[in-house]
Amino acid sequence: MQTATRTYEHGVNGAAPYNGLFSMPGYQVYEYQLVLAIPDTIKDRIRKLRQQFSEQYNLPVPRNSAVMIPLVKFRQRQLLEEKMRSSLHQLVMGWRPFTVNLKDYKSMPTHSIYIPVTSKSALQQCGRELKSMQHLLRPDTNHNPFFPQEQQLIIAAKLPPGIYEKAWQQYAYRHFNAQFMVDACLLLKRKSGGQHWQILQRMELKDMPVGVKQGMLFA
């Protein structure tokens with residue numbers, strides 16, 4: 001099993017305990033995301049677009065510049081992390097590598113501009129399979145996992161009044177095109193309430209049958 005402990009573009013900050021839950025070892029609740037592994041060339045293009053937007057509209061550059069396309073966001077207790085991680089790894093190994101297309105711009109009225117993922121069928125199938133194991137993606141029934149309805153890459157969010165309207169008049173007619181092959185996902189982790197994510201594990205898409213996956217994981 002391939003694991004990684006480096007930070008996802010930033011270090012990990014400390015955070016307050018999660019809702020006063022047990023502080024005993026193993027009972028701490030952490031936040032997780034399963035995201036697509038995006039090529040550096042694509043991430044660099046998105047960062048430059050964000051930088052250009054900030055300069056054009058005299059806005060501060062976002063402190064967290066991570067470029068991510070999440071499949072699911074969730075919380076889980078430390079003592080269940082290994083079981084959750086193993087199950088996710090087995091699931092992801094069964095997926096066939098697929099293409100992601102990014103095209104043009106869309107907006108969330110009054111506050112955000114983003115680039116949508118226009119290739120949806122493979123991502124929707126991934127979402128359905130992840131939902132089948134969502135009992136492992138929550139610490140209790142009051143904190144269910146979050147599955148994005150639409151995958152996207154944010155260019156600007158939480159825009160001040162007036163800036164959104166001015167910017168969208170331009171970006172509604174701009175074009176963007178990019179494509180990349182997804183051959184891996186990253187499982188990210190941070191302390192509950194923290195700002196920055198750490199790569200917990202890289203999971204390769206191998207299009208493997210169930211029996212082969214189990215043999216590799218438990219050999």
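Student: What makes the link between the side chains of Arg138 and Asn144 a polar contact?
Tutor: The distance between them is 3.0 Å. A polar contact is a pair of N or O atoms within 3.5 Å; within protein, one must be able to donate a hydrogen and the other to accept it, and residues adjacent in sequence count only if both atoms are side-chain atoms. So the pair Arg138 and Asn144, at 3.0 Å, qualifies. Bear in mind that this is a predicted model: local features need pLDDT of at least 70, side-chain atom pairs count only at pLDDT 80 or more, and totals for chains, interfaces and linings use all residues. Residues are numbered from 1 along each chain as its sequence is written, and side-chain values use heavy atoms, with hydrogens and water left out.

Student: Why is Arg138 called partly exposed?
Tutor: Its relative accessible area is 24%. Buried means under 20%, exposed over 50%, and partly exposed in between (1.4 Å probe, protein chains only). Arg138 has 24%, so it is partly exposed.

Student: Where is Arg138, and which residues does it touch?
Tutor: Arg138 sits in the loop between helix H3 (121-131) and strand S6 (152-156). Helices (H or I, at least four residues) and strands (E, at least two) are DSSP runs, numbered from the N terminus. Not counting residues up to four places away in sequence, Arg138 touches Arg75, Gln76, His143, Asn144 and Pro145. Contact here means heavy atoms within 4.5 Å. Arg138 and Arg77 are 61 residues apart in sequence, yet 8.1 Å apart in space, C-alpha to C-alpha.

Student: How do you know whether Glu81 is buried or exposed?
Tutor: Glu81 has a relative accessible area of 7%. The limit for buried is under 20%, so Glu81 counts as buried. Glu81 lies in helix H2 (residues 81-93). A polar contact of 2.7 Å joins its side chain to that of Lys189. Beyond its neighbours within four places in sequence, Glu81 is in contact with Tyr32, Lys189 and Leu200.

Student: What about Gln33: buried or exposed?
Tutor: Gln33 is buried, because its relative accessible area is 3%. Gln33 belongs to strand S1 (residues 29-36). Among the residues it touches are Met68, Pro70, Leu187 and Trp197.

Student: What makes a group of residues a nonpolar core?
Tutor: A nonpolar core is a set of buried Ala, Val, Leu, Ile, Met, Phe, Trp, Tyr and Cys residues joined through side-chain atoms within 4.5 Å. The largest one has 51 residues. Leu34, Leu88, Trp95 and Leu102 touch the most other members. Apart from it lies another core, of 9 residues, including Val35 and Met68.

Student: Why would such side chains gather?
Tutor: In soluble globular proteins, nonpolar side chains tend to be buried together.

Student: What makes the phi of Lys158 worth a look?
Tutor: Phi of Lys158 is near 55 degrees, a positive value in a residue other than glycine. Most residues other than glycine have a negative phi. Lys158 is found in the loop between S6 and helix H4 (163-171).

Student: Why does Lys158 count as exposed?
Tutor: Its relative accessibility is 77%.

Student: Where else is phi near 55 degrees?
Tutor: At Asp207, in the loop between strand S9 (198-204) and helix H5 (210-218). Asp207 is partly exposed, because its relative accessible area is 39%.
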